[in-house]
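Open the model in your viewer and keep the sequence panel beside it. Each stop below gives a selection and then what is found there.

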Amino acid sequence: MPDRSEVAYFGAGPAPLPTPVIEESAKAFVNFDSTGLSLAEISHRSPTANKVLADAKEALTKLYDVPTDEYEIFFMQAGGTGEFSAALQNLVGAFIEKRRRKAVAELGEGKDDQVLERVKKEIESDLKADYLVTGSWSLKASQEATRLIGSKYVNVAIDARKSNNGKFGVIPPESEWKLSPTSALIYYCDNETVDGVEFPSFPESLKTKPGEDDKIVVADFSSNFLSRKINVRDYSVIFGGAQKNLGIAGITVAIVRKTILDLVPPPTFLHQLSSVLPTSGALPPIMFSFSTIASNNSLYNTLPVFNLYVATLVLQSLVSKFGEEKVAGQEEIANTKAKLIYDTLDSYPDVFYVVPDKSVRSRMNICFRIVTGKSDDGVKPDEAREKAFLSGAEKRGLLGLKGHRSVGGIRASNYNAVPLENVQKLANWLTEFANS
């Protein structure tokens with residue numbers, strides 16, 4: 001049986017964790033802090049659990065410079081996929097509540113029927129949820145939006161497949177994006193795990209210009225969370241499932257602008273809108289309600305405290321390791337590792353083909369094929385040699401390299417906990433294979 005140090009794991013998620021975090025978590029699972037209890041057994045409302053929660057928020061605030069007077073940090077369940085629904089429902093609700101309050105202010109109290117009719121008309125004329133579809137996960141998010149509110153209200157501002165022969169792998173120029181002027185939200189996935197596409201930076205088109213209403217930007221950071229600096233104020237909602245760079249599956253982190261949390265329409269008003277908008281489109285289940293979770297300090301129901309503890313240890317280890325550099329320190333390492341792999345792949349263009357365009361290559365999920373040649377239709381993958389590559393990799397302790405089942409090929413996930421020495425081992429195998 002191999003020792004943990006002998007295995008280099010490149011799985012896309014659940015992903016590797018730092019060994020010291022695993023070791024400390026193992027102790028906590030058996031007997032936390034000499035209490036005689038597992039952390040999985042301790043009440044989520046106990047002082048112990050509340051300290052874990054406070055420690056997680058404190059560390060995340062430091063790493064991302066979260067302006068806590070403007071943003072709330074909280075933890076939910078149902079993973080990133082749950083946030084496809086939650087983000088949409090909460091923000092469509094906020095859109096409606098803004099319109100309702102404005103109508104009341106202008107029409108006066110007691111004009112319920114007139115307020116209702118005005119808001120209905122504004123929903124039909126103005127409501128849009130914008131989606132930037134650049135890969136499999138943003139596509140799923142847009143499909144969930146359509147399921148909840150109907151295609152009439154969903155605007156796919158870009159579908160990257162239309163610019164790349166029906167496949168994901170590029171991000172079209174911002175000049176081609178068809179954003180709605182009155183969108184309730186603009187949704188994008190910063191890093192597409194399946195397709196190896198990452199936005200190189202925050203899009204200029206999504207920045208709020210002087211004199212404009214705030215753009216409501218929602219970003220899925222599930223697979224590149226804590227891997228580079230961001231300006232939190234660019235976003236209204238940031239979320240990420242834990243099982244990539246943060247911890248283990250079971251919790252989702254959300255960073256939400258506080259002004260959104262106050263914009264919750266009365267359920268009775270939403271029920272009256274059913275002739276123009278499905279009630280489910282703006283009335284989330286109570287466990288998906290941002291305002292409910294935030295006002296209860298993430299403890300409206302039983303938060304999986306052990307899962308949160310693992311994330312807390314990861315966050316604290318980054319704070320300890322990088323100090324004043326914060327996430328920028330991890331960004332430098334992530335870039336170095338990604339460059340090593342891409343440079344090696346690019347050195348053998350007759351053997352390896354990197355799937356996404358060079359301008360949008362993911363630093364986290366490096367997707368490539370082993371090819372027999374190229375044609376006008378693209379490359380010709382050599383699946384037999386890909387199997388040989390994966391088999392040889394496993395013999396060398398390089399695990400988790402098989403591409404997603406929907407696209408095939410090979411995928412090396414370069415998450416934060418993958419050490420540089422393991423990336424070097426992969427680069428060595430790539431070179432050995434290419435020369436064999």
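Helices (H or I, at least four residues) and strands (E, at least two) are DSSP runs, numbered from the N terminus. This is a predicted model: local features need pLDDT of at least 70, side-chain atom pairs count only at pLDDT 80 or more, and totals for chains, interfaces and linings use all residues. Residues are numbered from 1 along each chain as its sequence is written, and side-chain values use heavy atoms, with hydrogens and water left out.

**Stop 1: His404**

Select His404. It sits in the loop between strand E14 (398–399) and strand E15 (410–413). Is His404 buried or exposed? Buried means under 20% relative accessible area, exposed over 50%, and partly exposed in between (1.4 Å probe, protein chains only). His404 has 17% relative accessibility, so it counts as buried.

Now show its contacts (heavy atoms within 4.5 Å). Leaving aside neighbours within four places in sequence, His404 touches Val194 and Arg411. Ala12 and His404 are 392 residues apart in sequence, but 8.6 Å apart in space, C-alpha to C-alpha.

**Stop 2: the seven-stranded sheet**

Switch to cartoon view. Seven strands form an open sheet in the order E2-E10-E9-E8-E5-E3-E4, with mixed pairing. Strands count as paired if DSSP finds at least two bridges between them. Strand E2 (71–76) and strand E4 (154–159) are the edges; each has a single partner strand, so one side of each lacks a neighbour in the sheet. On average, neighbouring strands here are turned by 15° against each other, direction ignored. Axes are lines fitted to C-alpha atoms, for helices over the stretch in contact, and angles run from 0 to 180 degrees between N-to-C directions.

Five of the six residues of E4 are buried, so E4 is largely enclosed by the rest of the structure. E4 pairs with E3 in the parallel sense, over five bridges. Pick Tyr131 to see one: its bridge partner in E4 is Val156.

Step to the next pair. Strand E3 (residues 128–133) and strand E5 (residues 183–189) run parallel and are joined by four bridges. Lys128 stands opposite Ser183 in E5.

E9 has partners on both sides:

- E8 pairs with E9 in the parallel sense, over three bridges; Val218 stands opposite Val237.
- E10 runs antiparallel to E9, with five bridges; Ile238 stands opposite Ile255.

**Stop 3: aromatic pairs**

Show the rings. The structure holds 20 aromatic pairs. Rings of Phe, Tyr and Trp (its six-membered ring) pair if their centres lie within 6.5 Å; planes under 30 degrees apart count as stacked, over 60 as edge-to-face and the rest as tilted.

Zoom to Tyr64 and Phe225. Their ring centres are 5.4 Å apart and the planes stand at 80°, so the pair is edge-to-face. Tyr64 belongs to helix H2 (residues 47–64), while Phe225 is in the loop between strand E8 (217–220) and strand E9 (237–241), 161 residues apart. Tyr64 is buried at 3% relative accessible area, and Phe225 is buried at 2%.

Then select Phe84 and Trp137. This pair is tilted, at 6.4 Å centre to centre and 50° between the planes. Phe84 lies in helix H3 (residues 79–107) and Trp137 in helix H5 (residues 136–149), so the pair ties together parts 53 residues apart in sequence. Phe84 is buried at 4%, whereas Trp137 is partly exposed at 27%.

**Stop 4: a cluster and two charges**

Select Tyr348, Phe352, Phe368, Phe389, Trp429 and Phe433: they form one aromatic cluster. Arg396 lies over the face of Trp429, 3.8 Å from the ring centre. A charge sits over a ring if NZ of Lys or CZ of Arg is within 6 Å of the ring centre and within 35 degrees of the ring normal. Finish at Arg100, whose charged end sits over the ring of Phe269, 5.9 Å from its centre.
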